[in-house]
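Colleague: I am new to this structure and would like to learn how to read it. Could we go through it together?

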Amino acid sequence: MNTRPPPCSDRWSRAPQKAPPPSRTRNIALIKYWGKRDERLVLPWTSSLSMTLDVFPTTTRVRLDPGAEHDTAALNGVPATGETLRRITAFLELVRERAGCDRRAVVDTRNTVPTGAGLASSASGFAALAVAAAAAYGLALDATALSRLARRGSGSASRSIFGGFAVWHAGRGTGTAADADLGSCAEPVPAAGIDPALVIAVVSAGPKAVSSREAMRRTVDTSPLYRPWAASSRDDLDAMRAALRRSDLDAVGEIAERNALGMHATMLAARPAVRYLSPATVTVLDSVLQLRRDGISAYATMDAGPNVKVLCRRADAPLVAQVVRGAVSQGSVLVAGPGDGARLLSEGA
Ligand code: DP6
């Protein structure tokens with residue numbers, strides 16, 4: 001973010017920088033974002049809170065192409081088409097509007113985990129794209145402005161601009177006026193006293209049948225459980241912030257688990273129902289319960305997919321990973337810690 005190319009430059013930009021040390025931009029929400037009050041501006045009904053991870057970095061390069069009539073993008077070397085390309089182009093339009101530059105862009109994004117598998121790849125993707133595109137188009141944006149920009153690509157991306165724990169404030173109102181000033185953006189949350197790890201059980205790496213965007217829309221529109229969950233989620237966030245302030249990992253985990261299960265309950269009650277949790281998910285949830293019965297602080301959270309992330313103390317992570325691995329018949333288990341937010345470093349670094 002400190003390297004500022006001239007406006008409309010043709011140079012490559014990338015965010016985050018590749019190793020060493022790689023920037024990590026994926027985040028896992030402990031208080032979930034689920035439901036928009038303004039679809040166009042990606043304004044959520046509720047605030048959310050996440051931990052940015054030190055695994056699964058996304059590396060994105062943006063190059064302006066003076067001769068091109070359209071934007072092009074490649075994800076892991078495969079040309080983007082359809083809805084994916086439409087979302088990237090719509091995002092670049094925003095950046096172009098702000099920069100007063102109409103040159104088209106060439107985007108190259110590399111992910112280290114499968115996209116669309118409930119591991120929040122759109123969060124890291126749009127956070128990295130926001131940082132890289134802003135630099136390529138010569139926009140000097142601070143972290144708050146980058147968070148607001150990244151949000152327009154994918155809501156959860158607003159939190160990935162920051163490392164460690166971050167809260168995304170829902171803000172108020174709808175329409176352009178609601179997005180003025182600070183609007184709806186993320187900010188870091190201090191949590192120095194806890195030493196957390198997330199044990200990630202990837203029980204399925206396949207793409208999801210229903211996108212999280214469609215699922216949350218359907219939930220807001222049809223689920224009788226949505227409003228009660230949204231109200232309790234606001235209380236959960238207050239309680240979570242208090243638990244982080246007093247470095248109480250058990251309270252953080254309990255609140256995160258109930259918030260995630262509540263979110264999945266809202267989707268199960270949608271019409272038609274959206275069910276991301278699979279038998280393998282439930283088996284891992286049972287192993288987490290058993291860990292707690294055995295006196296280990298371990299708490300589960302799931303996003304729009306069947307994979308389970310288990311919050312625990314870093315010192316307990318090897319044991320938790322071992323137990324979870326025993327519960328996962330097919331798939332993989334890995335351990336993540338808090339990581340850095342999205343950032344731009346110089347090409348040669
Ligand atoms: C379940 O940020 O992918 O991971 O804003 O429509 O792009 P859009 O949704 P997205 O939703 C993520 C939902 C979640 C919970 C969370 O990360 O807070």
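Colleague: Which helix gives the most to the shell around the ligand, and with how many residues?

Modeller: This is a predicted model, in which local features need pLDDT of at least 70 and side-chain atom pairs count only at pLDDT 80 or more, while totals for chains, interfaces and linings use all residues. Residues are numbered from 1 along each chain as its sequence is written, and side-chain values use heavy atoms, with hydrogens and water left out. Helices are DSSP runs of H or I with at least four residues, numbered from the N terminus, and here helix 6 (residues 212-222) gives the most, with 3 residues.

Colleague: How many residues surround the ligand, and which are the closest?

Modeller: A residue is near a molecule if one of its heavy atoms lies within 4 Å of it; 17 residues surround the ligand, and the closest are Tyr 33, Lys 36, Ser 154, Gly 155 and Ser 156. The shell draws at least three residues from each of domain 1 (13-189) and domain 2 (196-336), with bounds that come from an automatic or database domain assignment.

Colleague: What lies 2.6 Å from an oxygen atom of the ligand?

Modeller: One such atom is an N or O in the side chain of Ser 154, and the side chain of Ser 156 also has an N or O atom 2.6 Å from a ligand oxygen, whereas a polar backbone atom of Gly 155 is 2.7 Å from an oxygen atom of the ligand. The protein covers 96% of the 460 Å² of accessible area (Shrake-Rupley method, 1.4 Å probe) that the ligand has on its own.

Methods
A polar contact is a pair of N or O atoms within 3.5 Å; within protein, one must be able to donate a hydrogen and the other to accept it, and residues adjacent in sequence count only if both atoms are side-chain atoms. Helices (H or I, at least four residues) and strands (E, at least two) are DSSP runs, numbered from the N terminus.
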